[in-house]
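This briefing is meant for a reader meeting the structure below for the first time. Please keep the sequence and the model in view while reading the points that follow.

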Amino acid sequence: EGMQAPDGNKMLPISIQDTYFISFNYTPTLELLYRVPSGQILHLHGSVYDDGEYILGHGKSHEQLYSALLVQEPSPSPNASQNEIQEFYENNYDSIYEDTKEKVVDCIASMSSDVCSSDLDCIASMQKPVDEIIENNRHVFNSLKDVERVCVYGLSFSDVDIKYIAEIIDNHKSPLAIQWEISYYLERDKAKIMRFVSDYHIPEKNIQLLTLDELQNKNQLSLF
C-alpha cells in the first residue's frame, strides 16, 4: 500500500534559508511538502528515500524494561466518565511497558520461563543504537556549535529523543545563549519539556512553548 501524501492544510510557515533540519521520522514530508533540499536534512533513523534499512526501536535497556514490570502503573478512577478515562490513558499510556507486560503475563500464564526471557530479550534488542547514530553523524552535530535558535516540533522528549537534543547542547560554544521554540500537544508534554529544561540548565527566558495550532498561525518560523 502506498504512502499517503502529506496534508498541505497542516503546513507550518517555516523558513528554509539558513536552516538545517533534523528529522526523527522516515517520511519525505520536508522534501515533498516544504521543498527542502535533501542536503539540508538529516533523517536520523533513515528515510523512505534511502536504500538502507530504517532504524526502528525504542530507548530502553533490558534492565529498564524489566524494572517497568515491577512498577505499579496508575489506573483511572472507577467513577470516571468515558472522556475522563480516555484522557487518563492518553496521559499515562506507555506502549513499551504495555507490550512488555503483556508478553510477560502470557509467559507466566503458560509457565514457560524460557519463552518469557526470550520475549524480553527480543524487545530489549530493539533498543535504538543512539550513541552509534550520533557518532555516525558527528559532523552534523559539530556543525551546530554556533546555532542561535533551535525549534523542536512534534517531539515526545522521551529518553531516546533527549540524547540527540543534549548532543546539540553539549557541542555548542555558548549553550546558555540558544533560543528555543518547542511545541507540545498535551499538558503532560509541557511537564516533560520543563524537566528537560531544568536538567540541562536552560534559562526559562530562552524557552517559548507553543501548540502546533499556535505555530501554524505564526507568520514566520525557523526550524532545524
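Predicted model: local features only at pLDDT ≥ 70, side-chain atom pairs only at ≥ 80, totals over all residues.

How many salt bridges does the count come to? The count comes to 5 salt bridges.

**Salt bridges**

- Side chains of opposite charge can pair when their charged atoms come close.
- Glu135 and Arg138 meet through their side chains in a salt bridge of 2.6 Å, N to O. Together with Glu167, Glu135 and Arg138 are linked in a network of salt bridges.
- Lys190 and Glu187 form a salt bridge of 3.8 Å, N to O. Both of these residues lie in helix α9, 3 residues apart, which is about one turn of the helix.
- Lys190 counts as partly exposed at 27% relative accessibility, and Glu187 is exposed, with a relative accessible area of 56%.

**Helix α9**

- Helix α9 covers residues 187-199. At 1.5 Å a residue, its 13 residues should span 18 Å, and the C-alpha atoms at its ends are 19 Å apart, which agrees.
- Which residues of α9 are buried? They are Asp189, Ile193, Phe196 and Val197. Seen down the axis of α9, the buried residues fall within an arc of 100 degrees, so they line one face of the helix.
- On the other side of α9, the exposed residues are Glu187, Arg195, Ser198 and Asp199.
- The cover over the buried residues of α9 includes α8 (159-171), β5 (179-184) and β6 (207-211).
- Just after α9, His201 takes a positive phi of about 55 degrees.

**Nonpolar cores**

- The largest nonpolar core has 29 residues, of which Leu44, Phe157, Tyr164, Trp180 and Phe196 touch the most other members.
- Two or more residues of this core come from each of α6 (130-136), α7 (138-143), β4 (149-152), α8, β5 and α9. The largest share, 6 residues, is given by α8.
- Leaving aside neighbours within four places in sequence, Phe157 is in contact with Val152, Ile162, Ile182, Lys192, Ile193 and Phe196.
- There is also a second, separate core of 11 residues, and among its members are Leu30, Val36, Ile41 and Leu210.

**Aromatic residues**

- The structure holds 4 aromatic pairs. One of them joins Phe24 and Tyr164 in an edge-to-face arrangement, at 5.6 Å centre to centre and with 80 degrees between the planes.
- Where do the two members of this pair lie? Phe24 is in the loop between β2 (21-23) and α1 (29-32), while Tyr164 is in helix α8; the pair links distant parts of the chain, 140 residues apart.
- Tyr164 counts as buried, at 2% relative accessibility.
- Phe157, Trp180, Phe196 and Tyr200 form one aromatic cluster. Of these, Phe157, Trp180 and Phe196 are also named among the residues that touch the most other members of the largest nonpolar core.

**Two single residues**

- Is Asp161 buried or exposed? Asp161, which has its place in helix α8, is buried, with a relative accessible area of 8%.
- Not counting residues up to four places away in sequence, Asp161 touches Phe24, Leu155 and Ser156.
- Met194 lies in helix α9 and counts as partly exposed at 27% relative accessibility.
- With neighbours within four places in sequence left aside, Met194 is in contact with Glu204 and Leu209. The C-alpha atoms of Met194 and Ile207 are separated by 9.4 Å, and these two residues are 13 residues apart along the chain.

Technical notes: Residues numbered from 1 in each chain as written. Heavy atoms only, no water. Helix = DSSP H or I, 4+ residues; strand = E, 2+ residues; numbered from the N terminus. Expected span 1.5 Å × (residues − 1). Buried < 20%, exposed > 50% of the residue type's maximum accessible area, 1.4 Å probe, protein only. Arc of directions from axis to C-beta. Contact = heavy atoms within 4.5 Å. Core = buried A, V, L, I, M, F, W, Y, C linked by side-chain atoms within 4.5 Å. Salt bridge = Lys/Arg side-chain N within 4 Å of Asp/Glu carboxyl O. Phe/Tyr/Trp six-rings, centres within 6.5 Å; stacked < 30°, edge-to-face > 60°.
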